[in-house]
Structures are given as structure tokens and as C-alpha cells.
Amino acid sequence: MREAAFVKRNTDKWADIERNPTRDPDELTARYVELTDDLSYARTFYPDSNVTRYLNGLAAQMHRGLMQNKREERGRFASFWTNELPTLFYHSQRTLAVSAAFFIIACLIGWVSAINDPTFVRLILGDEYVNMTLENIRKGNPLGVYGGSDQATMFFQITLNNIGVSLRAFVAGVVASVGTLVMLFYNGVMLGAFQAFFYERGLLTESILKIWIHGTLEISAIVIAGAAGLTMGNSLLFPGTLPRLESFKRGAKQGLKIAVGLVPIFIMAGFLESFVTRMTLPPAVSLLIIGTSAAFIIWYFIVYPIQLNRARQRA
């Protein structure tokens, strides 16, 4: 690569490292590894150039920062939720948008397919579930499935299942992101078909007020888990200036942190589905729970990471 092309390709990254210093040990280490890779490349192909001297000085500065920012266990838990995880979400905004867009398109496909093909819902949801729901509708309790099990047992089963879905969506990203997209597509089609099933029977509003009490957190977390899988998969597809294996290691680590960060969301969603969704609540109360859940997701995963990044830039 010509020196001018090398500089043009990496100038923005180097400028960002200088303008936006970080004290986060993981982020600092990741930056240092990437910068030293660039320095090694420059030393090999442009040993006497200004860019090599510049990178050498920048790497030395970051090395001092590493020595001054040794990992401290005290406060590590709080720092993960207030700093490290939001920082990951800030840098994963584009991936999160792709995951959400893909999921929404899948929902629309599921909806349209269910409306136009009466057998599609049975294909996606299964005969047993459809027949049970039709029987509940006949009895005047269309969403009676949520009150049919012991609350504590239901909580553990749902929570473990949702966490399993999240981890599978993440792990599926190892297949160059394709596995994650397949899982997002399947879950999106299933949701779209599910809601269309109730729409055709004039029960859409009732189903939304009931299902989305827990579904707001649950579905949002699945989409975010999809972003975790895409983060790992894209690290294989688009390694940038890093060796592909090193890029994959970094992507896998970042994606795993996102997936682990969703565990409390799934626990809360499981609690709501097991203990609250089964209750007959006034529409205003249901809307309050749904709105509060949506506001939290938007704030923690989108707004707060942006605010945190802006605060660092001003510091």
C-alpha cells in the first residue's frame, strides 16, 4: 500500500484516539493493540517517514496510559453497567440499527404471510398452540395461556429460555453473521404471524395491551442480542487493518459483553410475563408498564451512550 493511501485510510482513527482519550482498561488495550499493528506496518514499509515517527510517539503515549490504568477490581461491577457496556452500545449503533431493521422487515413478512395464507400461522406457531388459543378465544379468555402455569416455575422456564435465545443469537454470529440473521428472521416472522392471528379475530388491541407488558423488554433484548451476534460476525467479515483472527477475538469479546449485559433485561421480562401479564389490568396501567419499558430501552441503549460519549469529548 502506498504511504499516502495508508495515511488516508487511518487518519480518522488516529485523530479519534488523540481527541477522545479513554481510561477504560479494555478500550485502552484494544486501541493500543490496533495502533501498534499500524506502527509495525509503518516500520516495515515506511521506516524513515514522518508517519512512523508520529505513530511511535502516539503508541508511547498510550503505553504510559496503560501503565497508569491498571485494572482495579473495586468498582468494576458498577463500571461495567455505567461505562463499559454503554460505550460498547455507542460503538455498535449501526449494528443495532441493522438488527432492528432486519427484525422489523421479518415481522412484516410474517404479518403479510399470515393474512394471505390461513395455514401459515399453524406452520409457524404449531397446531397445538393455535388450537389451544382458538379454544381460549371461544371461552372468552384469548390470552389464557399466560395464566396456565405456576408463576415461579413459569418465571424460571421463561427466563432461562430467553437467555438461551440471546446466547444462541450471539453464538450464531460466528457463521459470518448469517446464523444471527436467520434467528432474527425466524423470531420476527413468528411475532408478525402471532399478531396477525389476533388481528384477524379483532383482538389486536387486547393482545398488545397484554403481550407487550413483557414483550417490550423481551423483543428489544432479542434485537440487541442480534446486534451482539452481528458484532462478532462482522469482525470476521470486515477485519479492517487487524489480522482476521485478532479482529474476531475482539468482536467476540465485545459481542459476549453485550449478550451478558442483557441478562437483567431477560430476568425482568420473565418476571413480568410470569407475574404481571396474567393479571387483568386497566389499559392505562398496561400502557404505563409498556411505555416505561420502552423508555428505559431507548434511554439506556441509545440515548445514554450518546450522552456519555459527548461528555467524554467535552472533558
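1. Which side chain makes a polar contact with the side chain of Asn-20? The partner is Asp-16, at 2.5 Å. This is a predicted model, so read that distance as a computed value.

2. Asn-20 sits in a loop. The loop runs between α1 (3–19) and α2 (25–45). Relative accessibility there is 13%, so Asn-20 counts as buried, the cut-off being under 20%. Set aside the neighbours within four places in sequence, and Asn-20 is in contact with Arg-31 and Gln-313.

3. Ala-30 belongs to helix α2. Its relative accessibility is 15%, so Ala-30 is buried as well. Ala-30 and Glu-128 are 98 residues apart in sequence. From C-alpha to C-alpha, 50 Å separates Ala-30 from Glu-128 in space.

4. Next, the α9 and α10 pair. Helix α9 spans residues 178–199, and helix α10 spans residues 204–237. They pack at an angle of about 170°, with axes 11 Å apart. Angles over 145 degrees count as roughly antiparallel, so α9 is roughly antiparallel to α10.

5. Who meets whom across this pair? From α9 come Thr-180, Leu-181, Leu-184, Asn-187, Leu-191, Phe-194, Gln-195, Phe-198 and Tyr-199. The α10 side includes Leu-204, Ile-208, Trp-212, Ile-219, Val-223 and Leu-230. Gly-226 and Gly-229 are also among the α10 residues in this contact. The residues of the α9 contact with α10 divide into 14 nonpolar, 6 polar and no charged.

6. Ser-177 lies in the loop between α8 (151–171) and α9. Is Ser-177 buried or exposed? At 4% relative accessibility, Ser-177 counts as buried. Not counting residues up to four places away in sequence, Ser-177 touches Gly-229, Leu-230, Gly-233, Asn-234 and Leu-237.

7. On annotation, the unreviewed UniProt entry gives "transmembrane region" for residues 96–115, 170–199, 219–242, 254–272 and 284–306. Two of these spans can be set against the model. For residues 219–242, the end C-alpha atoms lie 34 Å apart, and the span is 79% helix and 0% strand. For residues 284–306, the end C-alpha atoms lie 31 Å apart, and the span is 100% helix and 0% strand.

Note on methods: Residues are numbered from 1 along each chain as its sequence is written. This is a predicted model: local features need pLDDT of at least 70, side-chain atom pairs count only at pLDDT 80 or more; totals for chains, interfaces and linings use all residues. Side-chain values use heavy atoms; hydrogens and water are left out. Axes are lines fitted to C-alpha atoms, for helices over the stretch in contact, and angles run from 0 to 180 degrees between N-to-C directions. Helices (H or I, at least four residues) and strands (E, at least two) are DSSP runs, numbered from the N terminus. Angles under 35 degrees count as roughly parallel, over 145 as roughly antiparallel, 65 to 115 as roughly perpendicular and the rest as oblique. Contact means heavy atoms within 4.5 Å. Ala, Val, Leu, Ile, Met, Phe, Trp, Tyr, Cys and Pro count as nonpolar, Asp, Glu, Lys and Arg as charged, and the others, Gly among them, as polar. Buried means under 20% relative accessible area, exposed over 50%, partly exposed in between (1.4 Å probe, protein chains only). A polar contact is a pair of N or O atoms within 3.5 Å; within protein, one must be able to donate a hydrogen and the other to accept it, and residues adjacent in sequence count only if both atoms are side-chain atoms. UniProt positions are given in the numbering used here, feature names are shortened, and annotations may be inferred rather than shown by experiment.
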